[in-house]
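The sequence and structure come first.

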Amino acid sequence: MVASTKIHSLIAREILDSRGDPTIETMVVLESGYRGVASVPAGTSLGKYESVELRDGDEKRYGGMGVLKAVANVEGPIASKIRGMDATDQGAIDKALIDLDGSQDKHNLGSNSILSVSLAVAVASANASRVPLYRYINQLFRPFVETEIKRIPTPTFNIINGGKHGAGNLDFQEFHIIPASNKAFSEALHIGVSVYKSVMQILKYRNAVYSVGYEGGFAPNLFTNLDALEILREAIKASPYAFGVDVFFGLDLAASTFHQERGGYKIKDKPAALSSTDFTKYLVELHKQYRLLILEDPLDEDDWEHWVELSKEIGKDVLVVGDDLLATNPERLRRAIKEGACSAILAKPNQIGSLSEFFGVIAIAKQADIKTIVSHRSGETNDSFIADLAVGVQSDYVKFGAPARGERVAKYNRLLQIESELAASRVVSTTS
Ligand code: PGA
Ligand code: ZN
């Protein structure tokens, strides 16, 4: 007899994320007894156009960041709506959740409560069918875009943290190194760790603070933002790897965080704020000087005109990535494609708020030849769902932070497991 995949019950609770802020964890129990657990992450440099996570707002508990209302929504109205539904029908469940919320941005039930259920349903269903989660996700994604699992996405490692993520004084949020995409994942991980350790030595030598920021990268005080890139360059030189061959640079400026409504772009490298046009010129020069492979959120999330101008200038040889610009939102992605505003999307499940809608966004990107980067948030849990997700949809890159700290390495370690499973299945399929 086939075990029932009907949903029996939902159990939700408030847990902590890596910043010490509350978030929600949900367990979906099927009638057969199979279950799935998922928790959701949260951002610090939140984009204006993201779906809305529900916070309690009670200043006496966790400074207003509690999620007891979201927990109650899962165990109350959401459970009543989806109890008895078939967990294998992800599309129908996500639609039921979206309809129940009834708003464009999920502010009624909260994107955190909806996403925790949407992901836990997929995990429960994968467990019930005894298929590894990444394969199950791939099966769900195939009707959107026919996709075969061939490789582990290339990791982009956030080695130095600034902006809202680090206690240091840098304006740019993230300074990345990216191993060449022809490297096996395990080798790419080794490159990431080698450079990470080498940066630690350099910061110690310079007597700079080498504490870490939210995503596990170092958060030093330096004179300019470009000093951080110089430190990365020095670290690569001290490693066995060659810049431009084995390893490349990437940046996430999170420019909306230092863009002033009337004043322009204010960074410590320049005495006065720069207009959009001047900041665009500055970015073109920055690219010439450092040969960036990835440049994320180089401009404010509403500065469409200059995104288009920048992409015209450098979009052919650098991935201009929309994070806050796109907010994993299909309408904003369609606009970006139409206008030529960027060449890659940073895709975060909690920006859109359900698994099926996330698939829809990835599908639009793939069909338009927009590169995809599946991403964590600065506030993470040890849930490694996004590692399976990235493999299942075959994103081009993953952005999971530094190769350090438990909540970041949970994802990298899961990719190592998947890498060996894929290798083993290749051996089986070529020998049988
Ligand atoms: P966030 O940062 O999770 O704080 O939004 C991540 C990013 O900007 O890519
Ligand atoms: Zn970003």
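The model is predicted: local features need pLDDT of at least 70 and side-chain atom pairs count only at pLDDT 80 or more, while totals for chains, interfaces and linings use all residues. Residues are numbered from 1 along each chain as its sequence is written, chains are lettered from A and ligands numbered from 1 in the order in which they are written, and side-chain values use heavy atoms, with hydrogens and water left out.

Helices (H or I, at least four residues) and strands (E, at least two) are DSSP runs, numbered from the N terminus. E296 is buried, with a relative accessible area of 2%, and D323 is also buried, at 2%. Buried means under 20% relative accessible area, exposed over 50%, and partly exposed in between (1.4 Å probe, protein chains only).

## Nonpolar cores

A nonpolar core is a set of buried Ala, Val, Leu, Ile, Met, Phe, Trp, Tyr and Cys residues joined through side-chain atoms within 4.5 Å. The largest has 127 residues, and I177, V199, F279 and L389 have the most contacts inside it. Helix α3 (residues 111-129) supplies the largest share of this core, eleven residues. At least three residues come from each of domain 1 (7-130) and domain 2 (154-431), with bounds from an automatic or database domain assignment.

Leaving aside residues up to four places away in sequence, L389 touches I137, P349, L355, F358, F359 and V374; contact means heavy atoms within 4.5 Å. A second, separate core has eight residues, including I178, L319, A344 and Y397.

## Three-stranded sheet

An open sheet has three strands in the order β1-β2-β3, paired antiparallel. Two strands pair if DSSP finds at least two bridges between them. The edge strands β1 (7-16) and β3 (35-39) each have a single partner strand, so one side of each is left without a neighbour in the sheet.

Five bridges join β2 (residues 22-30) to β3, and V28 has G36 as its bridge partner in β3. Helix α3 packs on the sheet and touches β1, β2 and β3, its direction making about 40° with that of β2. Axes are lines fitted to C-alpha atoms, for helices over the stretch in contact, and angles run from 0 to 180 degrees between N-to-C directions.
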